[in-house]
Amino acid sequence: MSHIFTWEALDTVMPALDFEKVETWLCKVADNHGFEMVRVNYLLTDDANILDYNIKYLNHSYFTDIITFDYTSGNRIAGDIVISLDTVRSNAAQLGVDYRSELLRVIVHGVLHLCGINDKLPGEREIMEQNENEALELFNQCFS
């Protein structure tokens, strides 16, 4: 599946994930939502870099765990996803969950955005969380 996904670490260490399994899972999640994965680039970075992206591209001057740039056309998913591993790590600690689980949640969060699921308006956050939980359950069913 390497023709669909790219994974790059910028100013951080690449997390210990089985990316082949993650890619298979993300394709299943997209398929379950009626989409086909075409090209998704993940940039895993730190807080300083994601802040730069936030300022440069979104005019936001705050830290976040993920920024999703959507190039999807019809049901064919394409996009760039930037993830701050620093923020993922601190969110995991705050939530009392393990880092790997929180990282998988954020990774699939970006794909769910590319599937058209939003989380900014009232009620949308709950829909996003439900879809994240279903996707994580699918990962555990497939790879536990």
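How many bridges join strand S2 (residues 36-45) to S4? The points below give the answer in context.

1. This is a predicted model, in which local features need pLDDT of at least 70 and side-chain atom pairs count only at pLDDT 80 or more, while totals for chains, interfaces and linings use all residues. Residues are numbered from 1 along each chain as its sequence is written, and side-chain values use heavy atoms, with hydrogens and water left out.

2. The protein has five helices and four strands, in the order β-α-β-α-β-β-α-α-α along the sequence. Helices (H or I, at least four residues) and strands (E, at least two) are DSSP runs, numbered from the N terminus.

3. Nine bridges join S2 to S4, and these strands run parallel; two strands pair if DSSP finds at least two bridges between them. Arg39 stands opposite Ala78 in S4.

4. On strand S3 (residues 66-70), the pairing with S4 is antiparallel, over five bridges. Phe69 has Asp80 in S4 as its bridge partner. The hairpin formed by S3 and S4 has five residues between the strands, and Gly74 in the turn has a positive phi of about 60°.

5. Strand S4 (residues 76-84) is largely enclosed by the rest of the structure, because seven of its nine residues are buried. Buried means under 20% relative accessible area (1.4 Å probe, protein chains only). Of the 144 residues of the protein, 44% count as buried.

6. Of the contacts with a separation of 6 or more, 62% come from residues 24 or more positions apart; contact means heavy atoms within 4.5 Å.

Methods:
Buried means under 20% relative accessible area, exposed over 50%, partly exposed in between (1.4 Å probe, protein chains only).
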